[in-house]
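Visitor: Please take one part of this model and give me a close account of it, including the side chains involved and what surrounds them.

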Amino acid sequence: MGRLPYGLKKRVELARALAAEPKLLMLDEPMAGMGHEDVHTVAEIIREVARTRAVLMVEHNLSVVEDICDHVTVLQRGEILAEGDYAAVAADPRIHLVGHGPGASTIGANRAGRAAVNRLVRDLEAGLGASLDRELVRA
């Protein structure tokens, strides 16, 4: 895979993850380092995948977040700054001040992704017999 163009390499990585047929697909900056055409192609793949399974992703490309995600959470240094649908979050004036400076992250999820994360937290809490810090795993 070392000689493949970067965008194609990212698609192969996504295909490998999907081969395991996960119920929850977690992606960390899937568009990082890609050209515009590759971003569009991978976004289309993720959108299609999100029809049949939960997707949770950390992404700094806000046009991709707007296009794919039903729910958006913006974190700054581990604290939730804003959350809701894209329009609500984009309208929050604090988001424009933060931009994507140090410690800022945008987490997007489809409805199933948000529900899957909440189930995961409940299952972990039940197994541990203790409450987890939901702010760290909330989508």
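**A helix pair and its charged contacts**

Guide: Asp-38 is partly exposed, because its relative accessible area is 24%, and partly exposed denotes values between buried (under 20%) and exposed (over 50%), with a 1.4 Å probe and protein chains only. The model is a predicted one, in which local features need pLDDT of at least 70 and side-chain atom pairs count only at pLDDT 80 or more, while totals for chains, interfaces and linings use all residues. Residues are numbered from 1 along each chain as its sequence is written, and side-chain values rest on heavy atoms, with hydrogens and water left out.

The side chain of Asp-38 meets that of Arg-11 in a salt bridge, at 3.4 Å from N to O. This pair joins distant parts of the chain, since Asp-38 belongs to helix α2 and Arg-11 to helix α1, 27 residues apart. The term salt bridge requires a side-chain nitrogen of Lys or Arg within 4 Å of a carboxyl oxygen of Asp or Glu. Helices (H or I, at least four residues) and strands (E, at least two) are DSSP runs, numbered from the N terminus. Arg-11 is likewise partly exposed, because its relative accessibility is 24%.

Helix α1 comprises residues 6-19; at 1.5 Å a residue its 14 residues should span 20 Å, and its end C-alpha atoms are 20 Å apart, in agreement. The expected span is 1.5 Å times one less than the number of residues. The buried residues of α1 are Gly-7, Lys-10, Leu-14 and Leu-18. They cover an arc of only 80° around the axis, and therefore lie on the same side of α1; the arc is that of the directions from the helix axis to the C-beta atoms. The face turned away from this buried side carries the exposed residues Arg-16 and Ala-19. What covers the buried residues of α1 includes β1 (24-28) and α2, where contact means heavy atoms within 4.5 Å.

Asp-67 is partly exposed because its relative accessibility is 45%. Glu-44, Arg-47 and Asp-67 are linked in a network of salt bridges. A further salt bridge brings together the side chains of Glu-48 and Arg-51, at 3.7 Å from N to O. Glu-48 is partly exposed, with a relative accessible area of 46%, whereas Arg-51 is exposed, at 63%. A search of the whole structure finds 4 salt bridges.

Arg-53 is buried yet has no salt bridge; the nearest side chain of opposite charge, Glu-21, is 5.9 Å away. A polar atom of the Arg-53 side chain does lie 2.9 Å from the backbone oxygen of Pro-22.

Glu-21 itself is found in the loop between α1 and β1. It counts as exposed, because its relative accessibility is 63%. Just after α1, Glu-21 takes a positive phi of about 50°. Most residues other than glycine have a negative phi. Glu-29, in the loop between β1 and α2, also has a positive phi, near 50°.

Key:
Lys and Arg count as positive and Asp and Glu as negative; His and the chain ends are not counted. A polar contact is a pair of N or O atoms within 3.5 Å; within protein, one must be able to donate a hydrogen and the other to accept it, and residues adjacent in sequence count only if both atoms are side-chain atoms.
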